[in-house]
Amino acid sequence: MSQIGTARPRIDAPDKVTGATRFAGDGHVLGLLHARLLLSTEAHARIRGIDRDAALAAPGVVAVLVAADLPLESAGGDRTSEPLAREEIVFAGQPVAMVVAESAATAEDALELVSIDTEPLDAIVDVEHAMSPGAALARTATDDEAGDDLESIHAGVDKGGADEEEELSGNVLDTITRQEGDTAAAFESSDAVVEGTFRTPWVYQAYIEPQVATAWLEPSGTLVVSTSTQGSFVTRNALARAFGLQLDRVRVVAEPLGGAFGGKFALMEPLVAGATLALERPVRLSLTRTEDFQATNPASAQVTHLKVGARKDGTLTGIEARMIVDRGSNAGWGVEGITSLLVAGPYRWEARDLRGYGVQTNRFTFGAYRAPGAPTAAFAVESLLDELARKLDLDPFELRLKNAVVEGDIGVSGNPFPTIGTVQVLERLREHPLWAQRDSLPENEGIGLAAGYWPGGNEPASAVCRVDPDGTLTVVTSAVDMSGVSTGFVTIAAEAFGVSPDDVRVVTADTLTGPYAGASGGSKVTYTVGTAVLRAAEAARQKLLLAASEELEISPDDLEVVDGEVRAVGAPDRSISVEQIARNTLRFGGRNEPIEGHGGSAQIVGAPSVAAHLSHVRVDPETGEVELLRHVVAQDVGRALNPALVEGQMRGGATQGIGWALYEELAHDEDGRLVTGSFLTYAIPVAEQVPEIDTLIVEVPAPDGPYGAKGIGEAPVVAAPAAVANAVRAAAGVRMHELPMTAPRIWAALSSSAGEEA
Amino acid sequence: MIPATLDYHRATSLEDAFEALAEPDARALAGGQSLLPMLKLRVARPSLLVDIGGLGLDAIELTGDELRIGALATWGALASAIELDSPGLAAVAECAAGIGDLQVRNRGTVGGSLAHADPASDLPAVVLALDARLELRSPDGERSVAAADFFRMPYTTALEERELIVAVVVPVPPSGSGSAYVSVEHPASGYALAGAAALVRSDATTSVAITGVGGRAVLLPEGGSLDGVEMYGDRFAPEEYKRHLATVVVGRALERATQRVEGAR
C-alpha cells in the first residue's frame, strides 16, 4: 500500500500533548544564570549613560551587561550585530541592558534598579511622513556601509521613456521598480479602472512559545546555543560572524519549536551567546509574553496605493502600485521586493508599473511572518478585482479565471511561471456549494472570493538515512521540525525505502552533527529537504538490494522491497527480511556496507502554491461587528503526502488570515510606544470566533517535488484577509481599505456611506 | 512575569483577615483573576496578600423577596444557579455566563470583581439596574451600601480600609418582570466596550444601567436616556462609536428584557 496520501498523526504529537517534549526553556543546565532584558521605553533617543551600580549591588546579581560588554566583532545595526543598543535607541522595546543573576526573580528585581539616561530624539512613527523629503531620520548614526549618502537618496524611475526622479528622505532604504509596457495606455483602453489606498498594520506572529535561548561553553571552549529557532546553520553562521569565532567553535542546537511563523531567527541567541562569552557561565534568556510583544520582530505595516483596469470581456489591462513598507529599524531587508512582485497576483497583465519602498521608522524591527508581504499585497489587488467585477458585471471567478497565469506565462519577475494550479484551484472552489448560495442569503450576509499564491523557496539540502539492526530506518536532517515537516519525511522515506511508516524515525541533528539544511521557512522544506530524504532513502534501498542480492544470490534488478522484506520479483517465497540483512551487516566481520544512504537536492525551479478562499460573513449593521459563518479554502498542494497535515496547514493559514482581517494590530501612540502589547489589547482569533473551515485539496504535482509534493505552509494565509474583506463588501456594501476590519471601523464606514447616500 | 516580593497569609476567619489587613499595603485576594496578572506585571505591589478564598461566603440563596449572593461565589456558580432561573433575575446569570472564559469563570468571584471596579466590567451595570445592595464588613462592624453609591471612579469604590464585601443582595423583581444584560465586547479582552442591563417591570416601568463607556457604571434615568452620561473613547473605540454603541446596547437590553416579560405571561 502506498504511504503517499495516507493521513497519519504527527510524530511529535504524543510528546507534545503529554508534556514530554523538552523545549529550549526546559533543559536543566548546571550553574545556569538567568538573564532579563531592560527594554527601552522610548522609541528614539541617544543613550547618555546607564547606571547599573544599584543593580550590581543587589545580592544574586552577577552582571549588568550593556552593548560594550558583549565581545562583538561585527559592526552594523542589525539585531545580531547590535543585540543591545549601542549609542542610539531606535524603537521602544529595544533591549538596552541585560541583567544576569542567579535566579530569574533576582534578575527581574534588579532590572528595576537599572536606569538609563537618554536624550530624546524625534520618534518617526508615520511611514508615509518618514519617506517625504526633509523628514527627520529614524536612525541618525549610520554604519560604515551606509555612510553619509543615507542623508538623501533618489529613486531613479524610468516611466514611459521619460526619466523621472522622485525625491525621498534618507529613511527610504530601498526602492524597487518593476515596469513593463505602458500603463497609461492600458488604462486608456480599459472599460473600468478602479483604485484605492490600502493600509495594513504591524502584525505579531503570536507563537505559543515566547522566544527563548540558552548558551554555555564546553570545557573545550566551544560555544553551545540551545534555542528555539527555525534554522540552526543560519544561526550558527550569524553568531560566528558576530563574535568573530570559527564556525567549529559554535554549535547550535535547534530544540523542538513551540511555534515560530517566521519570527524566530537569531534574536535571542546573540544575547545569550554574548553574555556566556563575557561571563563564562551558562545563561538562559526566556522572554515573557509582554517582552516578546515589544522586543521581537513582527510583520511590517504597509501602505499600498493600487490602480487596476480591465476591459468589458474581463481582460485585465494595467496595474500600478506604490507600496510603502515600514521596516522599522531593520536596515538589512524588507518585503518591498516580494510584495511588489505578488501584488500582481496569479494573473496576466498587459502593462505594469509596480514600485516598492522600504522605509525605516522607529517601530519595532521588521521580521518575517508567514508569507511576508503577501497578505498585504493580496488584500489590495483582490479587493480591487472584486470592484472591477462589480463595475463590469462579471462573475468574480470568471474575471480571475480569464486572466489566471498558467505554466510558461512570464511573471512580474521576468521569468516564466513553472507548473502552477491557479485555474484548477479556482475551478474547484467554484464548485463548492457555498458559492451557489451567494445570491440567496439573508440580509446583512455576504460571501467573498479571493485568491493568492506564494512562489515557494529553494535551498540546497541533504539528508541521511540509516537502517538499524532491528530493520528500522532513522532519517537524519538538520531541518527544524516546523509545521510537521518531519512527519512528511516519514512518509517519504517509508515509501521510497519500502517499510512501514511505523518503522521510520526522524532525527533533527545540530550544526556539529547534521547534514546541511537551510532554515525552515519559505515553504521550501518538503520540496527541498524532502527530496533529499527521498534520495537518501533510495540510496539506502540500493545498498539493501545489493546486500540482499548477495544473500539470495539474485540480481538486485530482480528484487523488490515489500512490507519490510526483500523479495524476488514474482517469487515472494524467496525473501529475506530487512532486519536480517541489517543484522548480518552491522556486526563484526560483516561483509556488506552499512545499509545507509545520503541524498542531496538543489532545486532550481520554484514550486508556487495557489490558494483561494470563500468567506461567508454576517455584518451587524448597528455595531459593525463581523461574524464569520463559514470559510472555505482550496489550495494546490502539489501532492498531499499526508492529507491530515496539509489540511491542518490550510486551516491554520486561513485562521491567521482571519486574524489579519478582523483582529490583529500592533499599534503605537504618537511617541512610538506600543499600545497593544498584550493579549488583553491585541486580539487574535480564538476558537469561538473561527467558523468551520472547509478544505479542498487540489493536486497539481510539482515536477521536481518528492512524489509531486511542494511547500504549502504559506499560501493559505495570503488571500484570506481579502476574502473576508470582499465578504464584508458583499454583506454590508462597504469597501474596507484598512486592516483589521474592526467593528468601530466598519461602523464608521457604514455611517459615512449612509451619509453619502442621504 | 514574576511578582515583586510579598508575603502571603491565608485567612482562617473574617476577624483573622481584618487583623492581617491592618498591615500597610496589604490587599485581599479572592479569586485572583484581576489581581494576580497585576502582580505579575508588577502593576500592583502589595506587601502582603490576605487570601480570603477559604472563608466560604459563596452561598447563593433565594429567601423570599431577596437574592443573596455570597461575595466569593464564582461566575461559574452564578451562571448555573437555579435560583436565578426567572425572567426577573435573568440578567444576573446572563452577565455571569459572559464573563471571561471557563477558567476565569471557575476562579473569578463576584465580590472580587465588584471591589476591583474595572470601569469596563459587566456586573456593575446589573447590580445598578436591579437596585442591589452590597453588604460590607470591617472591624468596625457591618454596613449596607446601595450599588448606586458604591462605584465612585475607575478602580475606586466606597470600600474603606480593611473593609470587605461579604454579599450582594438583590431584591427579587416583582413578578411579571424581565431583565437582560447585553454587551459588545472588545475582541481581545472580552471586556465591555458598552454593556447595558435592563429591568422591565410588569407595569412597564424600567431601570437601565450602562457600563464600559466611561469611568464607572451608571444608572440611567427612567426610559434609559443617555443624555449627559460621561463617556470616553480610546484608540480602538472612539468616543463617537461608544456613544452610538451605548444606544444600541440599551435598546437591545430593553428589548430582550421586554421579551422576557412577555414570555413570563
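This is a predicted model: local features need pLDDT of at least 70, side-chain atom pairs count only at pLDDT 80 or more; totals for chains, interfaces and linings use all residues.
Two packed helices are described by the angle between their axes and the distance between the axes. In chain A, helix α10, which spans residues 374–392, packs with helix α19, which spans residues 720–732, at an angle of about 35°, and their axes are 8 Å apart. The crossing of α10(A) and α19(A) is right-handed. On the side of α10(A), the residues in contact are A:P375, A:A378, A:F379, A:E382, A:S383 and A:D386, and these meet A:P721, A:A722, A:A725, A:N726 and A:R729 in α19(A). Sorted by class, this contact of α10(A) with α19(A) comprises six nonpolar, two polar and three charged residues.

Strands of a sheet pair through backbone hydrogen bonds, either parallel or antiparallel. In chain A, an open sheet is formed by three strands in the order β22-β23-β24, with antiparallel pairing. Strands β22 (559–562) and β24 (571–577) of chain A are the edge strands, each of which pairs on one side only. Averaged over the sheet and with direction ignored, neighbouring strands are turned by 35° against each other. Between β22(A) and strand β23 (residues 565–568) of chain A, which run antiparallel, there are four bridges, and A:V562 stands opposite A:E565 in β23(A). Helix α16 of chain A, covering residues 578–585, packs on this sheet, where the helix touches β23 and β24 of chain A, and the direction of α16 makes about 40° with that of β24(A).

Technical notes:
Residues are numbered from 1 along each chain as its sequence is written. Chains are lettered from A and ligands numbered from 1 in the order in which they are written. Axes are lines fitted to C-alpha atoms, for helices over the stretch in contact, and angles run from 0 to 180 degrees between N-to-C directions. Helices (H or I, at least four residues) and strands (E, at least two) are DSSP runs, numbered from the N terminus. A crossing is left-handed if the near helix is turned anticlockwise from the far one by less than a right angle, and right-handed if clockwise. Two residues are in contact if their C-beta atoms, placed from the backbone, lie within 7 Å. Ala, Val, Leu, Ile, Met, Phe, Trp, Tyr, Cys and Pro count as nonpolar, Asp, Glu, Lys and Arg as charged, and the others, Gly among them, as polar. Two strands pair if DSSP finds at least two bridges between them.
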